[in-house]
Amino acid sequence: MLTAHDELLCHQLPTSFDHVDQSDLRWVERIVMYGFDKSGDINVMTGLARYPNRNVTDAYAMITRRGGETRVVRMSTEILGSDTGLGHYTVGPYTYSVEEPLRRVRSQLRANEQGVTLDLTLTGEFPAYEQTPAFHRERGRIKEDARRFYQNGRVEGYIEVDGERLDIDPDRWWFGRDHSWGVRNGPGGGSLPEGTHMQPGEIPDGVLYYMGIFQFDDHIVHFAQRETSIGQRWQFEGEILHPIDTGRPANTIIDVEHELKFREQRRLIAGGVFTILRADRSSTSIEVTPLCDFWPGLAGYQEFNGYASGHWRGTDFIDGFTVDSSDPDVVAPVSLVSETLCEVRMDGKVGHGLVEMVFMGAYPRYGYTGW
């Protein structure tokens with residue numbers, strides 16, 4: 001079946017854009033926008049995901065205030081017929097638009113019965129940059145085969161909850177986005193499980209994954225690393241990016257060391273230092289101070305209240321709720337992926353950014369001995 005995207009001169013297979021080249025039900029394409037007021041008083045995460053082999057597209061908006069009050073709206077429909085034109089994707093009252101490729105995107109949540117609206121336009125001030133390809137197999141099965149790119153920039157617009165409107169001051173907000181596609185295993189990436197009656201997966205002693213995106217006035221430091229329980233690295237990426245208008249190429253980061261502190265009885269970062277090693281062998285330490293947290297699992301990255309991204313919910317599903325995400329018991333079911341927004345200091349400069357983390361099982365260096 002032809003779609004609007006078949007007008008573009010970008011086909012890579014002798015077929016149309018209404019399907020992907022494999023039938024894996026986990027195949028997902030996802031966008032997410034996220035950011036916060038640098039005071040830490042409020043943050044927002046919003047996005048959309050499409051599961052072409054399930055004919056499901058869903059979207060969400062999540063607003064978290066200092067202290068943990070979290071308001072979530074979740075929407076779902078079918079893919080067929082939900083696109084409103086090239087670069088425009090709609091789920092009920094939600095629309096995501098690509099206004100200028102690799103430079104400017106917009107998320108809009110129009111008036112709805114859940115009492116939450118927003119209109120956020122992100123203009124990239126730094127180049128979009130690619131993730132290291134993620135391809136991992138386990139016991140003969142592809143566990144992950146995905147790509148992603150990130151971008152940071154200037155956000156404009158507003159957020160409104162129950163008639164209380166907050167106009168965004170771009171100078172006070174840190175904001176970014178990512179766009180991913182492919183196969184990912186389990187709920188951490190927003191993908192659904194493979195199915196039942198399958199050989200159980202391997203259970204490692206422990207896993208530590210962390211990502212940092214730290215923005216200063218004249219550059220961004222980005223890195224991501226996956227480690228075993230004893231600190232052996234099995235995937236890494238890292239770069240330093242400069243504003244688009246400088247024309248400067250990115251610099252490579254070849255290694256990252258960490259000395260972290262965690263909150264009592266929770267695997268949430270409480271502070272610490274990341275030390276980056278550049279390609280020229282120079283090193284710099286980045287001190288991290290958490291300001292606030294948010295939990296993607298509440299919005300659909302994991303199952304919560306019977307809902308997860310990719311579940312079929314019909315053509316006009318919408319729901320919403322408010323929870324206290326500072327309560328460990330509330331977020332326990334969705335605690336696989338944590339997001340901590342931070343103030344950071346490096347070489348006398350102050351910046352802001354995000355630490356994303358998955359931390360499970362043993363990691364003796366930090367005092368964790370098991371699951």
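**Cysteines, rings and a buried arginine**

Biologist: How far is the sulfur of Cys292 from the closest cysteine sulfur?

Modeller: In this predicted model, the distance is 8.3 Å, to the sulfur of Cys342, which is too far for a bond.

Biologist: Is Cys292 buried or exposed?

Modeller: Cys292 is buried, at 10% relative accessible area. Cys10, by comparison, is partly exposed at 38%.

Biologist: How many disulfides does the structure hold?

Modeller: The count is 0.

Biologist: Changing topic. How many aromatic pairs are there?

Modeller: There are 19. One of them is Phe36 with Trp174, a tilted pair with 5.9 Å between centres and 55 degrees between planes.

Biologist: Where do Phe36 and Trp174 lie?

Modeller: Phe36 is in strand S1 (residues 28–37) and Trp174 is in strand S14, so the pair ties together parts 138 residues apart in sequence. Both residues are buried.

Biologist: And what kind of pair do Phe359 and Tyr363 form?

Modeller: Edge-to-face, 5.7 Å centre to centre, with 85 degrees between the planes. Phe359 and Tyr363 are buried. They belong to a cluster linked by ring pairs, together with Phe262, Tyr366 and Tyr368.

Biologist: Which charged end sits over the ring of Phe359?

Modeller: That of Arg267, 4.8 Å from the ring centre. Arg165 does likewise over the ring of Tyr158, at 3.9 Å.

Biologist: What about Arg184, buried or exposed?

Modeller: Buried, yet without a salt bridge; the nearest side chain of opposite charge is Glu144, 5.5 Å away. Arg184 is in strand S14 (residues 173–184).

Biologist: Which side chain has a polar contact of 3.1 Å with that of Arg184?

Modeller: The side chain of Ser180.

Key:
Residues are numbered from 1 along each chain as its sequence is written. This is a predicted model: local features need pLDDT of at least 70, side-chain atom pairs count only at pLDDT 80 or more; totals for chains, interfaces and linings use all residues. Side-chain values use heavy atoms; hydrogens and water are left out. Helices (H or I, at least four residues) and strands (E, at least two) are DSSP runs, numbered from the N terminus. Buried means under 20% relative accessible area, exposed over 50%, partly exposed in between (1.4 Å probe, protein chains only). Lys and Arg count as positive and Asp and Glu as negative; His and the chain ends are not counted. A salt bridge is a side-chain nitrogen of Lys or Arg within 4 Å of a carboxyl oxygen of Asp or Glu. A polar contact is a pair of N or O atoms within 3.5 Å; within protein, one must be able to donate a hydrogen and the other to accept it, and residues adjacent in sequence count only if both atoms are side-chain atoms. A disulfide is a pair of cysteine sulfur atoms within 2.5 Å. Rings of Phe, Tyr and Trp (its six-membered ring) pair if their centres lie within 6.5 Å; planes under 30 degrees apart count as stacked, over 60 as edge-to-face and the rest as tilted. A charge sits over a ring if NZ of Lys or CZ of Arg is within 6 Å of the ring centre and within 35 degrees of the ring normal.
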